[in-house]
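Here are my notes for you to read with the model open. Go through the points in order and find each residue as you meet it.

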Amino acid sequence: PARYLAADGAGEPGGQAFGEKTAGLYAAAFTIKMAGKAAGKADYKVGPLEALWWTEPDGSFRPATPRRLWQWKLLIRTPEFVASADLAAAKDSLRAKGKPAAFEDVRLETIEEGRCAQMLHVGPYEAIGETVRRIMELLAREGLQPAGRYHEVYLSDPRRVDPAKLRTIVRLPACPAGGA
């Protein structure tokens with residue numbers, strides 16, 4: 001299990017809603033971190049952006065689905081000692097500063113994916129499909145099948161890194177083939 005700051009949304013990756021939710025998530029994450037640091041609590045590095053993706057009610061992901069219909073959950077992993085009160089205080093602080101309201105939907109959530117297959121993808125996001133195909137082949141060879149929401153961990157900042165050098169962890173939860 002891992003603890004995250006989380007915010008849900010739908011639509012185009014990199015679209016307006018995605019950008020606003022990302023900004024709100026980071027605003028909450030950094031406000032919590034800096035408030036804790038100012039209070040003498042343990043310091044930590046704010047983690048990279050992560051996203052769970054799905055297109056179907058059962059949580060599965062079909063890349064051929066039009067991107068405007070994709071569902072997502074944006075995540076930033078956070079230490080276990082970050083409490084609901086810390087998030088509430090961060091939201092109060094952001095409201096007092098008149099920040100855009102995208103942080104309002106941010107919540108703490110624990111996610112347990114269980115057994116997964118993952119691979120490091122190096123290159124543009126548009127080419128991740130090939131990495132997913134390779135993971136699917138691995139799962140089939142191992143007698144496994146996808147069993148949850150498709151997960152990406154963005155190790156590079158696309159505003160600062162050439163698309164050919166972007167690094168993204170691609171992860172698929174798995175279960176025995178024919179199981180759930």
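**Notes on salt bridges, helices and a patch**

1. Let's start with a charged pair: Asp8 and Arg107 join their side chains in a salt bridge, 2.9 Å from N to O. Asp8 sits in strand 1 (residues 2-10) and Arg107 in strand 4 (residues 107-111), so this pair ties together parts that are 99 residues apart in sequence. By salt bridge I mean a side-chain nitrogen of Lys or Arg within 4 Å of a carboxyl oxygen of Asp or Glu. Helices (H or I, at least four residues) and strands (E, at least two) are DSSP runs, numbered from the N terminus.

2. Before going on, a word about what you are looking at. This is a predicted model, where local features need pLDDT of at least 70 and side-chain atom pairs count only at pLDDT 80 or more, while totals for chains, interfaces and linings use all residues. Residues are numbered from 1 along each chain as its sequence is written, and side-chain values use heavy atoms, leaving out hydrogens and water.

3. Back to that first pair: buried or exposed, or in between? Asp8 is partly exposed at 35% relative accessibility, and Arg107 is partly exposed at 27%. Here, buried means under 20% relative accessible area, exposed means over 50%, and partly exposed is in between (1.4 Å probe, protein chains only). The pair also belongs to a network of salt bridges that links Asp8, Lys73, Arg107 and Glu109.

4. How many salt bridges does a search of the whole structure find? The count is 17. One of them joins the side chains of Glu12 and Arg67, at 2.7 Å from N to O. Glu12 is in the loop between strand 1 and helix 1, and Arg67 is in the loop between strand 2 (49-54) and strand 3 (71-77), so the pair ties together parts that are 55 residues apart in sequence.

5. Have a look at Asp105 and Lys21 too: their salt bridge has its closest N and O atoms 2.5 Å apart. Asp105 lies in the loop between helix 2 and strand 4, and Lys21 in helix 1, so parts 84 residues apart in sequence are tied together. Asp105 is partly exposed at 46%, whereas Lys21 is buried at 16%.

6. Now the two helices. The axes of helix 1 (residues 16-38) and helix 2 (residues 84-96) come within 9 Å and cross at roughly 110°. Axes are lines fitted to C-alpha atoms, for helices over the stretch in contact, and angles run from 0 to 180 degrees between N-to-C directions. The two helices are therefore roughly perpendicular; that label covers 65 to 115 degrees, with under 35 roughly parallel, over 145 roughly antiparallel and the rest oblique.

7. Which residues meet there? Ala27, Ala28, Thr31 and Ile32 of helix 1 meet Asp86, Leu87, Ala90, Ser93 and Leu94 of helix 2. Contact here means heavy atoms within 4.5 Å.

8. Helix 1 has other residues to check. Gly24 is in this helix and is buried, at 3%. Apart from neighbours within four places in sequence, Gly24 is in contact with Ala102, Phe103 and Val106. Phe30 lies in helix 1 and is partly exposed at 40%.
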